[in-house]
Amino acid sequence: MPHPVRRAALALVLALAVTGCGARVPPEGKGDGERASGGHYPVTVENCGEKRTFERAPRRVVTNDVGITEIMFALGLEDHMAGYVMPDDKGDLTAVPWKDGYRKTAWLSKQRITRELVLDARADLVFAGWNYGFDEGEGFTPAALRRLGVDSYVLSESCRNGRGKARGVMAPLDALYTDLRNLGKVFDVEERAETLVASFRARVAAAQAKAPKGADRPRVFLYDSGEDKPFTAGAFAGPHDIITRAGGDHIMKDLRDSWTAVGWETVVARDPEVIVINDYGDVSAEQKRAFLMSYEPLANVSAVREDRIVVLDYVDLVESPRNPAAVDSLAARLRAFGS
């Protein structure tokens with residue numbers, strides 16, 4: 001996250017950034033979208049309950065984290081990006097359909113996104129989310145960026161919902177489709193966005209049609225991390241829709257939050273029949289699995305007793321264009337467990 005910089009250096013970079021900021025500045029010349037649409041701009045979208053108006057398509061976007069970055073790539077917007085920020089623990093980036101986006105776009109940092117990085121990149125928009133880069137404790141927020149002359153777009157999965165810092169205002173897949181459509185409008189690629197949404201909906205529907213139903217739906221728990229308390233997914237995080245559409249009964253569906261911690265006693269009481277591990281970070285999926293299988297309070301939990309544990313990658317589970325494929329993959333595993 002951002003660290004203080006010397007005032008003089010920041011003021012100099014800020015002056016350059018403000019003159020280069022494009023999301024709300026009248027265009028000097030028409031971009032690709034403006035030439036094609038003949039009057040597409042200005043456009044207004046609603047993002048986390050706030051109306052946002054863009055006078056032109058942003059030209060130097062900085063994204064934070066893998067799912068957010070791949071939303072831009074899936075829309076074919078590499079040419080509108082100054083670069084992306086993400087750790088190098090996000091799995092294989094060479095096998096995804098939009099792998100060329102990684103080849104064409106600058107990897108600006110493997111550390112946290114900061115104001116200094118954004119200004120150095122001459123960004124006109126930051127696409128991030130609450131707990132996906134935006135953090136009041138670090139002073140890196142949409143409001144702070146606005147004071148620097150840089151616009152922002154907040155990942156819809158991470159929208160605050162008015163209950164403290166709880167996140168989530170819509171179903172997780174709806175959040176993905178909302179962001180694709182909003183960004184399609186902002187960047188004048190609406191047809192491309194609608195094509196993606198239609199293809200994703202079709203893939204999810206096809207997986208759902210073959211998924212376990214009724215009494216055959218296994219109880220499923222998402223394990224992200226943590227030993228004293230498990231970090232997991234509530235109703236507004238990607239795993240909820242992935243588990244539900246794949247034919248599982250998400251045992252934390254009553255949590256009106258996205259990613260949050262619970263007590264092990266709650267997990268034990270709800271007795272999941274399948275556990276999905278979120279694979280990322282310094283603790284490997286195998287280490288997480290070993291912990292779950294050896295943790296005494298879980299010894300009589302059905303998923304542990306029957307060794308029904310599934311591993312999915314981080315980017316499958318956070319909001320990203322990989323979510324529909326994750327529904328398909330998990331549905332196949334749940335069918336296999338039930339056979």
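The model is predicted, so local features need pLDDT of at least 70 and side-chain atom pairs pLDDT 80 or more, while totals for chains, interfaces and linings use all residues. Residues are numbered from 1 along each chain as its sequence is written, and side-chain values use heavy atoms, leaving out hydrogens and water.

Q: How many salt bridges does a search of the whole structure find?
A: A salt bridge here is a side-chain nitrogen of Lys or Arg within 4 Å of a carboxyl oxygen of Asp or Glu. Searching the whole structure with that rule gives 18.

Q: Which residue meets the side chain of Glu70 in a salt bridge?
A: The N to O distance of this pair is 2.7 Å. Glu70 sits in helix H3 (residues 66-74), and its partner is in the loop between helix H13 (314-317) and H14, 252 residues apart; helices (H or I, at least four residues) are DSSP runs, numbered from the N terminus. Both residues are buried, meaning under 20% relative accessible area (1.4 Å probe, protein chains only). The partner is Arg322.

Q: Within what arc do the buried residues of H14 fall?
A: Among the buried residues of H14 are Val327, Leu330 and Leu334. Seen down the helix axis, with directions taken from the axis to the C-beta atoms, the buried residues line one face because they fall within an arc of 145°.

Q: How far apart are the end C-alpha atoms of helix H14?
A: The expected span is 1.5 Å times one less than the number of residues. For the 16 residues of H14 (residues 323-338) that should be 22 Å, which agrees with the distance in the model, 23 Å.

Terms used
Helix = DSSP H or I, 4+ residues; strand = E, 2+ residues; numbered from the N terminus. Buried < 20%, exposed > 50% of the residue type's maximum accessible area, 1.4 Å probe, protein only.
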